[in-house]
Amino acid sequence: MKIFSSAQLQKADQLTVEREPIASIDLMERAATTVFQEIHQRLQGAPIPIKIFCGIGNNGGDGLVIARKLIEHGYHVTTYIVNYSDRRSKDFLINYDRIKNVTKDWPILIKGKNDFPTLTRNDFIVDAMFGLGLNRPVSGWTKDLIEHINAAEAFTLSIDIPSGLFSDQALAEEHAAIQADFTLTFQSLKTSFLLPQSEAYVGDFQIVDIGLDRDFLQTAIVHKFFITREEVIKRYKPRNKFSHKGMYGHVAIIGGSLGKMGSIVLATKASLVGGAGLATAFVPQCGISILQTALPEAMVVAVASHDHLKADQKTMDVLSDLQPTTVCFGMGTGQEQATIDTFHHILKNTKNAMVIDADGINILAAYPIMLKDIPAKSVLTPHPKELERLIGSWVDDFDKLKKTKEFSKLHDLVVLIKGAHTVVVDGDDLYFNSTGNPGMATAGSGDVLAGIISSLIAQDYISKDAAIIAVYLHGKAGDFAADKVSMQGVMASHLVEYLGEAILDLFKPQEPKT
Ligand SMILES: NC(=O)C1=CN([C@@H]2O[C@H](COP(=O)(O)OP(=O)(O)OC[C@H]3O[C@@H](n4cnc5c(N)ncnc54)[C@H](OP(=O)(O)O)[C@@H]3O)[C@@H](O)[C@H]2O)[C@@H](O)CC1
Ligand SMILES: Nc1ncnc2c1ncn2[C@@H]1O[C@H](COP(=O)(O)OP(=O)(O)O)[C@@H](O)[C@H]1O
Ligand SMILES: [K+]
């Protein structure tokens, strides 16, 4: 699913008005009515106090339409105009007038701190102060009002975007934005919703289709996408009836050290459950019986040393004779000099795209000279700390995206930014995951992901697609697991256990939205 910038959405608004054609006041009525219907469906006429804060631009205009519709349907509504400027928009003014038709209670004007209403936890607040027209951080008494609303801890619904938050740039910590519990956003997700720095503001969100110009939405070029089920299905390759295991690739998983062999068990198992035809684990000698006992389906090769990875020529010859379709390196290896040398040797002798995880990434960060030896389009799977070691620190989330893109382009690699809404970065293109939950913040969960990505590359998916499908299925497995065992109860093994269910779910009929 495409993620549009605020400039593109403004353009789409304008083209819709011209091409449909529809008067902008009618488009506002249509958009805000859709929001009203969502609210009405949830509240079902409940007699709770609803307080709507409207700005003086078109976001405020939406707020006035919603207020009018709620009043018409018998809700207990108080409408406030947050008069941060006298430059009221045309469509705001029309709706300011129209609300007179349904109530004798004229909206209450807020012009400063003395006008702030008392709010309680029991209020239902609708935030329609600023939308995509926000062009600088909110300051003065308007900022105080935002803080006043947040302090009430009432359920807060934001229209289009929590007021004060930007769509395409970061908000500094000292600035204020509405801490919404829920956001109903028009037509497209806003990038900032998916970034950790917005966590306090966004809450849950839902996109409402307001019928903006289809042609524009389909043809506009974007570089940001949301990885939904449809994005995965369109990339998925079904199996052929007469296929055999030789057609589904051979993954070589190389890693582990004394006390960290579980990481290899998880990654290797995930690669097989993800559909690879064959998997061979290359581990230090201490790992042989662990692997063979835990995972009879995998082949195991022991390297020369006992405790950590130190490959001799013989092991390297075994690796090249096996001709694995893809090599995955790094989980649980540690950073002994012999391991670094082994890794460098592997990089220089591998041509196909690899998957590099955990200590593999730490070694690259410590020895950037090795970056030039990584096969093109290999996938790097850092968590935020590993990413920082690799690309340096960033000023904010948008800067992090920019720096990761530059790194990805410079080295011709696919780079993940793992976390909630894991981002798959392929040059200029960013794919944000839609699945997963905080239950997955648990030991070994990244090892499982690296195994699934390797498995898909081995099955002939291009690296970018392998990463996109893998993060979605990994997150979905985490969601199924959390449903069964609670978020706290999720362990990395569950992600392997529920991976099959995640794959099956791709093709199950989905329940219609209520
Ligand atoms: N167009 C359409 O067809 C549709 C549009 N829709 C809706 O329109 C919304 C966008 O509306 P919008 O462009 O009027 O901007 P909006 O966010 O209401 O506020 C802009 C005002 O704020 C001001 N201002 C900015 N920053 C400020 C600050 N820090 N502190 C103080 N003031 C500040 C700025 O004035 P300035 O001072 O910069 O001159 C201006 O007066 C969009 O999010 C969606 O909800 C839907 O109805 C669908 C159809
Ligand atoms: N809050 C969260 N929401 C969704 N997914 C998460 C969350 N926290 C972690 N994850 C996922 O769990 C995995 C953790 O990876 P990583 O930190 O490398 O784990 P480990 O090193 O223990 O294997 C990543 O795929 C990440 O996206
Ligand atoms: K808003």
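**View 1. The shell of residues around ligand 1 in the predicted model.** The shell around ligand 1 divides into 13 nonpolar, twelve polar and five charged residues. In this classification Ala, Val, Leu, Ile, Met, Phe, Trp, Tyr, Cys and Pro count as nonpolar, Asp, Glu, Lys and Arg as charged, and the others, Gly among them, as polar. Ligand 1 is surrounded by 30 residues, the closest being Gly57, Asn58, Asn59, Gly131 and Gly133; a residue is near a molecule or strand if its C-beta atom, placed from the backbone, lies within 6 Å of it. Helix H2 (24–43) and helix H3 (58–72) are the elements that give two or more residues to this shell. Helices (H or I, at least four residues) and strands (E, at least two) are DSSP runs, numbered from the N terminus. This is a predicted model, in which local features need pLDDT of at least 70 and side-chain atom pairs count only at pLDDT 80 or more, whereas totals for chains, interfaces and linings use all residues. Residues are numbered from 1 along each chain as its sequence is written, while chains are lettered from A and ligands numbered from 1 in the order in which they are written.

View 2. Pro21 belongs to the loop between helix H1 (6–19) and H2. The peptide bond that leads from Glu20 to Pro21 is cis, with omega near -20°.

**View 3. The open sheet of seven strands.** The strands follow the order S3-S2-S1-S4-S5-S6-S7, and their pairing is parallel; two strands pair if DSSP finds at least two bridges between them. The edges are held by strand S3 (108–110) and strand S7 (204–208), each of which has a single partner strand, so one side of each is left without a neighbour in the sheet. On average, neighbouring strands of this sheet are turned by 20° against each other, direction ignored. Within the sheet, four bridges in the parallel sense pair strand S4 (residues 124–128) with strand S5 (residues 155–159). Asp127 has Ser158 in S5 as its bridge partner. Asp160 is found in the loop between S5 and strand S6 (182–186), and its phi is near 75°, a positive value in a residue other than glycine.

**View 4. The open sheet of ten strands.** The order of this sheet is S8-S17-S16-S15-S14-S13-S12-S9-S10-S11, with mixed pairing. Strand S8 (224–227) and strand S11 (299–302) stand at its edges with a single partner strand each, so one side of each is left without a neighbour in the sheet. Strand S16 (residues 423–426) and strand S17 (residues 429–433) run antiparallel and are joined by four bridges. The bridge partner of Asp426 is Asp429 in S17. Helix H15 (residues 397–411) lies across strand S15 (414–417), S16 and S17, and runs at about 155° to S15; such angles run from 0 to 180 degrees between N-to-C directions, and axes are lines fitted to C-alpha atoms, for helices over the stretch in contact. Helix H17 (residues 463–485) lies across S8, strand S14 (379–380), S15, S16 and S17, at about 180° to S16.

**View 5. The shell of residues around ligand 2.** Ligand 2 is surrounded by 18 residues, with His383, Ala420, Gly436, Ala441 and Gly446 the closest. Helix H16 (residues 445–458) gives the largest share of this shell, four residues. By class, the shell has seven nonpolar, nine polar and two charged residues.

**View 6. Helix H16 packed with H17.** H16 and H17 pack at an angle of about 135°, and their axes are 8 Å apart. The two helices are therefore oblique to each other (angles under 35 degrees count as roughly parallel, over 145 as roughly antiparallel, 65 to 115 as roughly perpendicular and the rest as oblique). The crossing of H16 with H17 is right-handed; a crossing is left-handed if the near helix is turned anticlockwise from the far one by less than a right angle, and right-handed if clockwise. Residues in the contact include Val448 and Leu449 of H16 and Ala466 and Ala467 of H17, where two residues are in contact if their C-beta atoms, placed from the backbone, lie within 7 Å. This contact has twelve nonpolar, two polar and no charged residues.

**View 7. Helix H13 packed with H14.** Helix H13 (residues 358–366) packs with helix H14 (residues 384–391) at an angle of about 25°, with their axes 8 Å apart. That makes H13 roughly parallel to H14. Their crossing is left-handed. In H13, Ile361, Asn362, Leu364 and Ala365 meet Glu386, Arg389 and Leu390 in H14.
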